[in-house]
Amino acid sequence: MVSVKPELIAAACSRTAHALDWGTESLVAFGAGPVVALYDPTDAHGPGIHTVLQGHTKRVNCVRFVRTVSGAPTFSLVSTSADCTARLWRQDEQAWDCVATLEGHLNPVISAASVELEDGRIVVVTASTDGTLRVFEIQGDNASTCVQTVDVGSRNAIDLTLTVLPDCGAIVLATGNTDNCVHLYTRTQEPGSQFTKALKLAGHEDWVTAVAFLQYQGAGQDNSTIAHWKAGNVVLASASED
């Protein structure tokens with residue numbers, strides 16, 4: 001009798017800038033055509049991909065795990081697609097289900113950012129080549145509501161990131177745009193509150209293709225570049241085609 005076991009289960013990652021994300025629990029998620037593939041690179045006995053999330057009808061452009069205000073592990077992720085939608089997926093007892101489909105964009109959705117607030121609400125912001133950002137709130141019963149549409153016109157947002165300021169609790173949204181700038185918006189945590197434009201950061205000489213927030217924890221003071229930072233400071237990094 002011949003026995004057969006899988007040695008490797010693999011798939012090609014979508015050729016987009018934000019198609020892969022590494023979660024807080026050593027789980028990697030990435031777009032592979034119209035599906036989201038999951039695998040754990042720390043599992044010495046795992047043969048590769050162990051789950052695929054099906055629901056999108058066109059290429060998955062962006063995958064992002066939902067981050068929490070406290071930094072606690074999260075078992076939710078957002079995917080965006082050329083089918084003009086985004087989806088919120090959540091793991092429940094080892095099974096992953098789509099708990100919300102975020103609709104309204106007219107063109108492919110190219111990026112997303114999300115944060116789970118302390119009351120359990122998840123705020124998701126999506127960016128599309130239709131020149132808009134859409135802000136969704138997902139309640140504990142998985143009911144999703146689009147609470148705001150932000151028109152950015154021809155200066156499309158290529159990437160997004162969200163953070164919550166530790167002192168005042170304000171939600172800050174940063175977008176990297178095709179006008180070579182980073183744009184900052186702020187809102188309160190009150191349900192349904194609106195983002196308002198706060199700043200435009202110039203300096204790059206080409207499209208801003210990636211943005212990321214980090215809350216500094218105070219380690220590495222021997223590095224002269226960050227010696228003036230204090231624990232709790234929120235740092236924003238941006239990357240450009242320049």
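**Figure 1. Surroundings of Asn 177 in the predicted model.** Setting aside neighbours within four places in sequence, Asn 177 is in contact with Val 152, Arg 155, Asn 156, Ala 157, Ile 158, His 183, Trp 207 and Val 208. The model shown here and in the other views is predicted. Asn 177 belongs to strand E15. With a relative accessibility of 0%, Asn 177 counts as buried, because the limit for that class is under 20%.

**Figure 2. The open sheet that contains strands E14 to E17.** Four strands lie in the order E14-E15-E16-E17, and their pairing is antiparallel. E14 and strand E17 (196–201) are the edge strands, each pairing on one side only. From one strand to the next, the twist averages 20°. E14 and E15 run antiparallel and are joined by 7 bridges. Val 164 has Ile 171, in E15, as its bridge partner. Strands of a sheet pair through backbone hydrogen bonds, in a parallel or an antiparallel way.

**Figure 3. The largest nonpolar core.** This core has 19 residues, and those that touch the most other members are Val 125, Leu 133, Leu 160, Leu 162, Leu 173 and Phe 195. At least two core residues come from each of strand E10 (109–116), strand E11 (122–128), strand E12 (132–138), strand E13 (144–151), strand E14 (157–164) and strand E15 (171–177). E14 gives the largest share, 4 residues.

**Figure 4. Contacts of Phe 195.** Which residues does Phe 195 touch, not counting residues up to four places away in sequence? They are Val 125, Val 135, Gln 148, Leu 162, Ile 171, Leu 173, Tyr 185, Thr 186 and Arg 187. Val 125, Leu 162 and Leu 173 are also among the core residues that touch the most other members.

**Figure 5. Ala 113 in strand E10.** Ala 113 is placed in strand E10. Its relative accessibility is 7%, so Ala 113 counts as buried. Apart from neighbours within four places in sequence, Ala 113 is in contact with Val 123, Val 124, Val 125, Leu 160, Thr 161 and Leu 162. Ala 113 and Leu 165 are separated by 52 residues in sequence, and their C-alpha atoms are 16 Å apart in space.

**Figure 6. The largest pocket and its lining.** The space in the largest pocket is about 660 Å³. Its lining is made by 27 residues, of which Arg 67, Thr 161, Leu 162, Thr 163 and Phe 213 are the closest to the centre. Strand E5 (60–65), strand E6 (67–68), E10, E14 and strand E18 (208–215) each supply at least two lining residues. The largest share of this lining, 6 residues, comes from E14.

**Figure 7. The open sheet of strands E1 to E4.** This sheet has 4 strands in the order E1-E2-E3-E4, with antiparallel pairing. Its edge strands, strand E1 (20–22) and strand E4 (51–53), each pair on one side only. The twist from one strand to the next averages 20°. E1 is joined to strand E2 (residues 28–32) by 3 bridges, and the two run antiparallel. Leu 20 has Phe 30 in E2 as its bridge partner.

**Figure 8. Strand E3 and its two partners.** Of the 5 residues in strand E3 (residues 35–39), 4 are buried, and the strand is mostly covered. How many bridges join E2 to E3? There are 5, and the two strands run antiparallel. One of the residue pairs is Ala 29 with its bridge partner Leu 38 in E3. E2 and E3 form a hairpin with 2 residues between them, and in the turn Gly 33 has a positive phi of about 65°. E3 and E4 run antiparallel and are joined by 3 bridges. Val 36 stands opposite Leu 53 in E4.

**Figure 9. Two loop residues with positive phi.** Most residues other than glycine have a negative phi. Ser 26, which is not a glycine, has a positive phi of about 65°. Ser 26 sits in the loop between E1 and E2. At 26% relative accessibility, Ser 26 counts as partly exposed. Cys 84, also a residue other than glycine, has a positive phi near 75°. Cys 84 is found in the loop between strand E7 (76–81) and strand E8 (86–92). Is Cys 84 buried or exposed? Its relative accessibility is 19%, which is under the 20% limit, so Cys 84 counts as buried.

Methods:
Residues numbered from 1 in each chain as written. Predicted model: local features only at pLDDT ≥ 70, side-chain atom pairs only at ≥ 80, totals over all residues. Heavy atoms only, no water. Pairing = 2+ DSSP bridges. Axes fitted to C-alpha atoms, helices over the stretch in contact; angles between N-to-C directions. Core = buried A, V, L, I, M, F, W, Y, C linked by side-chain atoms within 4.5 Å. Buried < 20%, exposed > 50% of the residue type's maximum accessible area, 1.4 Å probe, protein only. Contact = heavy atoms within 4.5 Å. 1 Å grid on protein atoms, 1.4 Å probe; cavity = no way out; pocket = protein on both sides within 12 Å on 5 of 7 lines; lining within 4 Å. Points joined across faces, edges and corners; volume = space filled by probe spheres on them.
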